[in-house]
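Subject: Structure handover

Hello,

Please find the structure below. My notes on it follow.

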Amino acid sequence: MTNSWSTEVWRLLGIVLVSVIAGLVVDQVTLCVLLGVSSYLGWNLWQLKKLEHWLREGKKLNPPQATGIWGEIYHQLYRLHQRNRKRKRKLADILTRFQESTAAMPDATVVLRETGEIEWWNDAATNLLGLRSPHDVGQRIDNLLRYPVLGQFLASGDFHDRVEVPSPVDERVMLSIQIIQYGNKQRLFVARDTTRLHQLEQIRRDFVANVSHELRSPLTVMIGYLETLLDRESDCLKEWGGSLHVMQQQALRMQHIVDELLLLSHLEGDQKPAHEDDVAVPALIATIRQDAIALGVGKNHNISLEVDASLWLCGNESELRSAFSNLVFNAVQYTPAKGSIVIRWHRDLEAARFSVIDTGIGVAPQHFSRLTERFYRVDSGRSRESGGSGLGLAIVKHVLNRHQAQLQVESELDKGSSFTCVFPLSRSVVRVKEE
Ligand code: ADP
């Protein structure tokens, strides 16, 4: 650059010098210098015009040729342009590769703007979501996929979970929707076909429900005959009495498991209870307490109530009874004799809470996350001994899910446990005392 500048300065000085000499010769110095400087200016204007033409032509042509500062300017601009072109080509290559790989993905992928309008989608989105180009570009995704659950999910801004909706193209296809946020508040809408998973899940549910159902009748017959045999004063009873009692106990246990499996299948079937009403939880708790006393007879538990008598709950009574009694009966089962159990029902500023607090054997923290799995027992021998099916807390979890509630567990080994059902305030109902 310094070189070209000095060339340029020398060029100007040369022009001025030649103009002065020519001026001295013809005795018109000012005019000649003016002419010289004007021609220099004219030449610069011409170079500017060439530059403007080159820039306007999209820099497709080779840069104009010139010496001095103009040559340097053309050269630098040309280099900059070449570098930009290379960078652009590289970016376009990356974009093409990204689009090709996303297009090949079996999951429907849609790029959304911050406000939810569609920017781009892949082939799978065309097939699974029925998006059509160019008509759907710029449309809001929740206007095209009109499912309330999806609308709420998108509006919530909390995308940790997924939602399941049927495909708008084919109702039999189930889609699991996930939103991934990236870049400057952009969102990737990913829909995965989970039909096969749903089918397998349905097969599993049907299988468990059918087997349980089929086992019910023979079990009832067996229990009936065992009862009859045990009722009779016979020689058979003297000889086989002990075995018959064990058979009856085990048959009843099996019946209990079958009933709980059927209940679980039913709870898994739908997302929410078929029937909901205002449930008188205080009265429900009173009956559960009576049953708990009967269950723990001989253990002398101190079962106390701390109940808000005016607090009711909107939900399904038989499901709530099942969940609450499972928690209370567990407390009875896992609390040694003379221990105390508190059943608490109240509401605070955040939620309505049903808690069962016992001074029982407690659970070590590493088991907390698995307690609600089917057949998960901390100590299977002990659980079986006490007649547990291992399904109680799984039932509690399902019932709570269907009531938009959550189970909180606090426990310390050998000290006791506290199991709390946390219901949204919107489900709580305050009733002035009713007889
Ligand atoms: P179970 O029929 O075996 O009681 P649940 O699903 O009701 O099955 O409970 C799962 C496991 O959680 C139990 O086996 C037991 O180990 C533990 N558990 C549940 N409630 C209590 C409690 N109140 N105190 C101690 N352990 C408990």
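Arg344 and Glu306 form a salt bridge, with the closest N and O atoms 2.6 Å apart; the term covers a side-chain nitrogen of Lys or Arg within 4 Å of a carboxyl oxygen of Asp or Glu. This pair links distant parts of the chain, since Arg344 lies in strand β9 (residues 340-347) and Glu306 in strand β7 (residues 302-307), 38 residues apart. Helices (H or I, at least four residues) and strands (E, at least two) are DSSP runs, numbered from the N terminus. Arg344 is partly exposed at 30% relative accessible area, and Glu306 is partly exposed at 38%. Here buried means under 20% relative accessible area, exposed over 50%, and partly exposed in between (1.4 Å probe, protein chains only).

The model is predicted: local features need pLDDT of at least 70, side-chain atom pairs count only at pLDDT 80 or more, and totals for chains, interfaces and linings use all residues. Residues are numbered from 1 along each chain as its sequence is written, and side-chain values use heavy atoms, with hydrogens and water left out.

The structure holds 20 salt bridges. Two others involve helix α8 (residues 235-269):

- Arg374 and Glu268 meet at 2.7 Å, N to O. Arg374 sits in the loop between β10 (351-358) and α11 (380-385), 106 residues from Glu268 in α8. Arg374 is partly exposed at 25%, whereas Glu268 is buried at 15%.
- Arg216 and Asp259 meet at 3.3 Å, N to O. Arg216 is in helix α7 (residues 195-231) and Asp259 in α8, 43 residues apart. Both are partly exposed, Arg216 at 37% and Asp259 at 30%.

Salt bridges with shared partners join Glu201, Arg204, Arg205, Glu268 and Arg374 into one network.

Ser265 is also in α8. Ser265 is buried, with a relative accessible area of 12%. Leaving aside residues up to four places away in sequence, Ser265 touches Arg205, Val208 and Ala209 (contact: heavy atoms within 4.5 Å).

On the strands, β5 (residues 186-193) pairs antiparallel with β1 (residues 108-112) over five bridges, and β4 (residues 174-182) is joined antiparallel to β5 by eight. Pairing requires at least two DSSP bridges between two strands. Val110 stands opposite Phe189, and Leu175 opposite Asp193. β4 and β5 form a hairpin with three residues between them, and Gly183 in the turn has a positive phi of about 50°.

Regards
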